[in-house]
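Let's take a walk through a protein together, one step at a time. Have a look at the picture first, and then we'll go through what can be read from it.

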Amino acid sequence: MHVHRSVAGTLGWVVVATVAGSSGCNGTVDGPGSSFGPVAPSQLFVEPMGTGLHVTWLDNSSDEDEFQLERSGGTTAFTKIASLVFDTTQYHDTQVAPGTLYVYRVRAVNLRGPSDYSNFV
């Protein structure tokens, strides 16, 4: 039996089973949820430090390949500002302007895909 993840953005697994003497069958089985990647990071926190903003989070996954940190100018779309190696739990953002509102989010990523995003701060 082979189990394959369904098309990105959909739920479920595609199961391809071959039984002796048959040509096989295809079916869909409910998967573990909307995210097939690692467990999402949590407890995202931002504080001013030195010449920038220091961002920290809790790594809840043991199988991420990287973390993707994104920032928004508050009213603008989120943009990825850093791809960070596995087990990273902090980033110092020096590309910020005083008096500007910034919103951050982070997610873990592995070969199976991205996690859900953390909380926003």
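Predicted model: local features only at pLDDT ≥ 70, side-chain atom pairs only at ≥ 80, totals over all residues.

A salt bridge is a side-chain nitrogen of Lys or Arg within 4 Å of a carboxyl oxygen of Asp or Glu.

Now try it on a pair of residues. The side chains of D93 and R71 form a salt bridge, with 2.6 Å from N to O. D93 sits in strand β8 (residues 90–93) and R71 in strand β6, so this pair ties together parts that are 22 residues apart in sequence. Are these two buried or exposed? The cut-off for buried is under 20% relative accessible area. D93 has 1% relative accessibility, so D93 counts as buried. R71 has a relative accessible area of 17%, so R71 is buried too.

Let's step back for the overall picture. The protein has 10 strands and zero helices, so if you go along the sequence you simply read β-β-β-β-β-β-β-β-β-β. There are 121 residues, and 34% of them count as buried. The protein exposes about 7400 Å², with carbon and sulfur atoms supplying 57% of that. Then look at contacts between residues at least 6 apart in sequence: 48% of those join residues at least 24 apart.

How many does the structure hold? The count is three. One of them joins D63 and R112, whose closest N and O atoms are 2.5 Å apart. D63 lies in the loop between β5 (52–58) and β6 (66–72), while R112 lies in the loop between β9 (103–110) and β10 (113–114), so the pair ties together parts that are 49 residues apart in sequence. D63, at 30% relative accessibility, counts as partly exposed, and so does R112, at 40%.

Another salt bridge links E70 and R105, with 2.7 Å between the closest N and O atoms. E70 is in strand β6 and R105 in strand β9, so parts 35 residues apart in sequence are tied together. Both E70 and R105 are buried.

Last stop: the aromatic rings. A pair of aromatic rings is described by the distance of the centres and the angle of the planes. The structure holds two aromatic pairs. W57 and F67 make a tilted one, 5.7 Å centre to centre with 55° between the planes. This pair links distant parts of the chain, with W57 in strand β5 and F67 in strand β6, 10 residues apart. Both W57 and F67 are buried.

F78 and F120 form an edge-to-face pair, at 5.4 Å centre to centre and 85° between the planes. F78 lies in the loop between β6 and β7 (79–85) and F120 in the segment after β10, so the pair ties together parts that are 42 residues apart in sequence. F78 counts as partly exposed at 24% relative accessibility, and F120 counts as partly exposed at 48%.

Terms used. Residues numbered from 1 in each chain as written. Heavy atoms only, no water. Helix = DSSP H or I, 4+ residues; strand = E, 2+ residues; numbered from the N terminus. Buried < 20%, exposed > 50% of the residue type's maximum accessible area, 1.4 Å probe, protein only. Contact = heavy atoms within 4.5 Å. Areas by Shrake-Rupley, 256 points an atom, 1.4 Å probe, with all protein chains shown as cover. Phe/Tyr/Trp six-rings, centres within 6.5 Å; stacked < 30°, edge-to-face > 60°.
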